[in-house]
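I opened this notebook to keep track of what I looked up, one entry at a time. The structure goes in first, and my entries follow.

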Amino acid sequence: MDQHTLLSTLARADSGAVKAFVEDLIPALEPITVRENRTGLAMLPMEETVRDEAFYLGEVLIAEARVRAGGAEGYAACMGRDLELALAIALLDAANAGGVELGRVEAFVEAQAAALAAEDEALGQQVERTRVELETF
Amino acid sequence: MAYVAARGGERAIAASEELHGRLSGPLSGELVRAIERQLPYLVDRVMGEGSLYAPELAALALAQTGGDLYEAVLLLRAYRSTQPRIAYAQPVRQGELRTVRRISAAFKDIPGGQILGPSLDYSHRLLKLGVLDGQNVELGMLNVELPSEQETSSADEHSAFNIQHSTLPAVADWQRAEGLLEPLPAGEPADPAGLPDVTREPISFPAPRAHRLQSLARADTGGVLALGYASMRGYGMSHPTVNELRLGYAELTLRHPVTGVAFSAGRVRVSQAEVVDTGAGKPGESPLRLGFTATIGWNEVKTIAGAMLDLEMSAPDPHPAHREEFVLYHTEPVESSGFCIHYKLPHYVTFGSALDNLRKAAGEGRREGETLPEATPSAGEAK
């Protein structure tokens with residue numbers, strides 16, 4: 001499965017479901033080495049529209065993890081301070097890179113992606129209802 | 001300047017803090033979650049001024065301070081200072097925002113259309129007193145039958161999918177294509193790790209544009225509004241219109257350190273405003289000028305007022321209260337509120353010294369038998 005989809009989906013997925021899923025996968029991923037698991041700041045730049053210059057909009061608190069598991073490197077970062085979630089996603093990234101339980105991992109990520117897409121679609125429809133056509137007299 | 005060491009008072013200070021907590025009510029995880037869920041705009045304001053996107057912690061800061069905004073912002077800034085900087089995200093671009101609200105007061109037929117999104121702009125400002133009587137009151141105020149979500153998505157050519165996938169181009173891009181604005185200068189994309197940063201280097205004036213916009217993004221909403229309102233009321237040199245106001249979600253795009261693959265670590269609520277002024281250009285230049293401000297969180301007042309101040313600060317000879325140095329120094333929420341509240345701390349020596357001077361001056365012309373009250377500079381911890 002492509003890494004962009006896996007990491008982007010799991011960073012926004014239900015954290016309880018991700019942790020529970022990874023718990024089952026741990027025996028297949030051993031030995032596991034946690035190389036990094038910490039919180040920190042990600043600088044968020046933005047491009048303005050007057051001169052097309054970039055500036056820092058602010059910082060975002062993230063949790064990140066870097067592991068070696070299933071014979072491969074795994075990494076994850078997600079917003080907030082949930083170190084366990086970052087660790088769990090990094091293990092799934094390693095599983096994906098190392099070809100461990102690929103079918104189960106893909107099915108899980110796809111199910112989470114579908115749930116998130118449904119949420120996006122529902123919000124999008126609610127937003128669409130607020131479209132306004134203006135006339136001047 | 002003299003400082004006198006403080007002594008004693010620990011028990012009174014502990015009791016004071018305890019009383020503050022008692023009068024504010026118990027602090028609990030449930031309260032924090034309720035604040036995060038139910039008061040998103042307040043949480044956004046704290047995050048914007050605290051310059052840290054962390055809704056859970058902003059809600060905790062609000063709960064812990066009993067809703068004292070400046071204290072909450074200070075708590076968040078203090079927490080932020082304990083965290084290492086570990087990543088630089090890819091720059092957010094206006095056209096890539098997952099936009100939920102986007103309006104223009106300058107042009108009604110903007111490409112992509114006008115979307116009110118979540119707003120109370122057109123609501124009746126009436127308290128829903130029925131809530132206090134236990135009634136279940138719906139959030140919407142207008143008694144209008146809304147189309148079903150299915151009807152909306154099938155009937156309108158602009159589907160929800162389109163809204164979420166960048167079909168809302170910047171109004172400024174359209175204006176540039178029409179020749180109403182000067183074209184943007186060609187340049188290399190900026191390195192996200194190499195931008196000027198007010199948290200790492202002092203501002204010097206005239207400030208780099210990156211410093212100005214970062215300062216406005218972190219600025220105190222009330223301060224920005226006060227100075228912006230002064231401009232709106234007539235102290236300013238421009239009379240702009242909102243070119244585009246946009247609320248949305250920005251992806252926090254990071255790169256995998258091993259493979260280099262870009263991915264989203266989550267979404268951040270952001271708001272931005274662009275204002276446009278007419279008739280200020282030099283001969284041969286575009287007659288339109290833009291002002292811009294953005295912040296993390298959804299905060300329309302701050303971004304509109306900030307964009308107007310951006311215009312003012314760029315004017316050749318702005319009002320003294322709209323000069324860059326004045327605006328940026330006086331809208332910093334932690335510095336300004338901190339300086340303000342420091343005045344309530346003991347100043348016994350300072351004040352005693354002033355009294356001594358008064359006494360000396362008065363003594364020169366004093367009639368015999370007249371006295372001034374004695375100062376007591378030894379009364380406590382003071383400067």
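This is a predicted model: local features need pLDDT of at least 70, side-chain atom pairs count only at pLDDT 80 or more; totals for chains, interfaces and linings use all residues.

Entry: I then followed strand β5 (residues 241–255) of chain B to strand β3 (residues 98–103) of chain B, which runs antiparallel to β5(B) and is joined to it by five bridges. For Arg102(B) I wrote down Arg246(B) as the bridge partner in β5(B). As a reminder to myself, side chains in a regular strand alternate between the two faces of the sheet.

**Entry: helices of chain B.** Before starting, I reminded myself that two packed helices are described by the angle between their axes and the distance between the axes. I looked up helix α4 (residues 55–64) of chain B and helix α5 (residues 69–80) of chain B, whose axes come within 8 Å and cross at roughly 135°. Because of that angle, α4(B) counts as oblique to α5(B). I recorded the crossing of the pair as right-handed. The contact is made by Leu57(B), Ala58(B), Ala61(B), Leu62(B) and Gln64(B) of α4(B), together with Ala72(B), Leu75(B), Leu76(B) and Tyr79(B) of α5(B).

Next I turned to helix α2 (residues 29–38) of chain B, which packs with α4(B) at an angle of about 115°, the axes being 8 Å apart. Here, too, I noted a right-handed crossing of α2(B) and α4(B). From α2(B), the residues Leu31(B), Val32(B), Ile35(B) and Glu36(B) meet a set in α4(B) that includes Pro55(B), Glu56(B) and Ala59(B). This contact divides into eight nonpolar residues, no polar and two charged.

**Entry: chain A.** I listed four helices and four strands in chain A, and from the N terminus on the elements run α-α-β-β-β-α-α-β. The radius of gyration is 19 Å, well over the 14 Å that the globule rule gives for 137 residues, so I wrote that chain A is more spread out than a compact globule. Along its principal axes, the C-alpha trace of chain A spans about 70 × 30 × 25 Å.

I also examined one helix pair here: the axes of helix α2 (residues 15–29) of chain A and helix α3 (residues 83–98) of chain A come within 9 Å and cross at roughly 50°. That angle is why I call α2(A) oblique to α3(A). The crossing of α2(A) and α3(A) is left-handed. Among the residues of α2(A) that meet α3(A) are Val18(A), Val22(A) and Leu25(A), and the contact as a whole has eleven nonpolar, one polar and two charged residues.

**Entry: where the chains touch.** How many residues does the contact take from chain B and chain A? I noted 69 residues from chain B and 50 residues from chain A. On the side of chain B, strand β6 (residues 262–278) gives the most, with eight residues. That side divides into 43 nonpolar, 15 polar and eleven charged residues. Finally, I found two bridges joining strand β4 (residues 131–132) of chain A to strand β4 (residues 114–115) of chain B, and these strands run antiparallel. Val132(A) has Gln114(B) as its bridge partner in β4(B).

Note on methods. Residues are numbered from 1 along each chain as its sequence is written. Chains are lettered from A and ligands numbered from 1 in the order in which they are written. Two residues are in contact if their C-beta atoms, placed from the backbone, lie within 7 Å. Ala, Val, Leu, Ile, Met, Phe, Trp, Tyr, Cys and Pro count as nonpolar, Asp, Glu, Lys and Arg as charged, and the others, Gly among them, as polar. Two strands pair if DSSP finds at least two bridges between them. Axes are lines fitted to C-alpha atoms, for helices over the stretch in contact, and angles run from 0 to 180 degrees between N-to-C directions. Angles under 35 degrees count as roughly parallel, over 145 as roughly antiparallel, 65 to 115 as roughly perpendicular and the rest as oblique. A crossing is left-handed if the near helix is turned anticlockwise from the far one by less than a right angle, and right-handed if clockwise. The radius of gyration is taken over C-alpha atoms; the globule rule is 2.2 Å times the number of residues to the power 0.38.
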